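Here is a short briefing on one structure, written for someone who likes to have the cut-offs at hand. Please have a look at the sequence and the model first, then read on.

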Amino acid sequence: TGYGKFLRKTSLDELPQLFCILTGKMCFIGPRPLLIKDMVFMTEEENRRHDVRGGLTGLAQVSGRNAIGWKNKLKLDAKYAEKITFSGDVKILFRTFKTVFTMSGINEEGFSTAEDYGDYLLREGLITKEQYEEGLSLAEKIAEQK
């Protein structure tokens with residue numbers, strides 16, 4: 001809808017996450033939380049992004065958000081998780097304001113936001129249909145346990 005597009009374009013759809021920050025489930029700065037169905041397809045290196053608490057904004061978001069593609073996002077998230085510094089977080093915070101106000105990188109080309117990671121891997125031929133379905137099945141089992 002037009003209203004939804006406005007919320008997404010202005011990043012106002014991110015405001016409910018402030019509650020998660022206030023309750024300690026998220027931080028202001030850190031890798032963006034992902035869907036379980038995306039996490040089951042990650043390599044060990046890509047999964048290093050989960051060594052730190054997820055954030056409202058992060059290095060990948062200020063480096064192009066959804067427009068930079070999955071491989072770059074996951075690489076930047078792992079890089080952030082390896083070396084967190086106060087000065088780095090301050091830089092990310094200021095870059096976030098610029099990114100939000102310029103409304104850049106909100107969408108991945110051809111998508112409202114971004115393609116799911118598993119769908120991307122399948123479309124690119126990086127996993128088989130069988131691996132994709134196994135991953136989705138595993139994600140469902142994990143979600144049921146939570």
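Predicted model: local features only at pLDDT ≥ 70, side-chain atom pairs only at ≥ 80, totals over all residues.

Residues are numbered from 1 along each chain as its sequence is written, and side-chain values use heavy atoms, with hydrogens and water left out.

**Nonpolar cores**

- Ala 60 also belongs to the largest nonpolar core, a group of 10 residues that includes Ile 68, Leu 76 and Tyr 80; such a core is a set of buried Ala, Val, Leu, Ile, Met, Phe, Trp, Tyr and Cys residues joined through side-chain atoms within 4.5 Å.
- Helices α4 (59–62) and α5 (70–82) each supply at least two residues of this core; helices here are DSSP runs of H or I with at least four residues, strands are runs of E with at least two, and both are numbered from the N terminus.
- A second, separate core has 9 residues, among them Phe 41, Met 42, Trp 70 and Tyr 132.

- The structure holds 7 salt bridges, each defined as a side-chain nitrogen of Lys or Arg within 4 Å of a carboxyl oxygen of Asp or Glu.
- Glu 46 pairs with Lys 71 in one of them, with the closest N and O atoms 3.1 Å apart.
- Because Glu 46 sits in the loop between α3 (36–39) and β2 (55–57) and Lys 71 in helix α5, this pair ties together parts that are 25 residues apart in sequence.
- Glu 46 is buried at 9% relative accessible area, whereas Lys 71 is partly exposed at 35%; buried means under 20%, exposed over 50% and partly exposed in between, with a 1.4 Å probe and protein chains only.
- Asp 77 forms a salt bridge with Arg 49, with the closest N and O atoms 2.7 Å apart.
- Asp 77 lies in helix α5 and Arg 49 in the loop between α3 and β2, so this pair links parts 28 residues apart in sequence.
- Asp 77 is buried at 4%, and Arg 49 is buried at 2%.

- Glu 115 is found in the loop between α6 (86–102) and α7 (117–123).
- The side chains of Glu 115 and Arg 123 meet in a salt bridge of 2.7 Å, N to O.
- Glu 115 is buried at 6% relative accessible area, while Arg 123 is partly exposed at 47%.
- Salt bridges with shared partners join Glu 45, Arg 48 and Glu 82 into one network.
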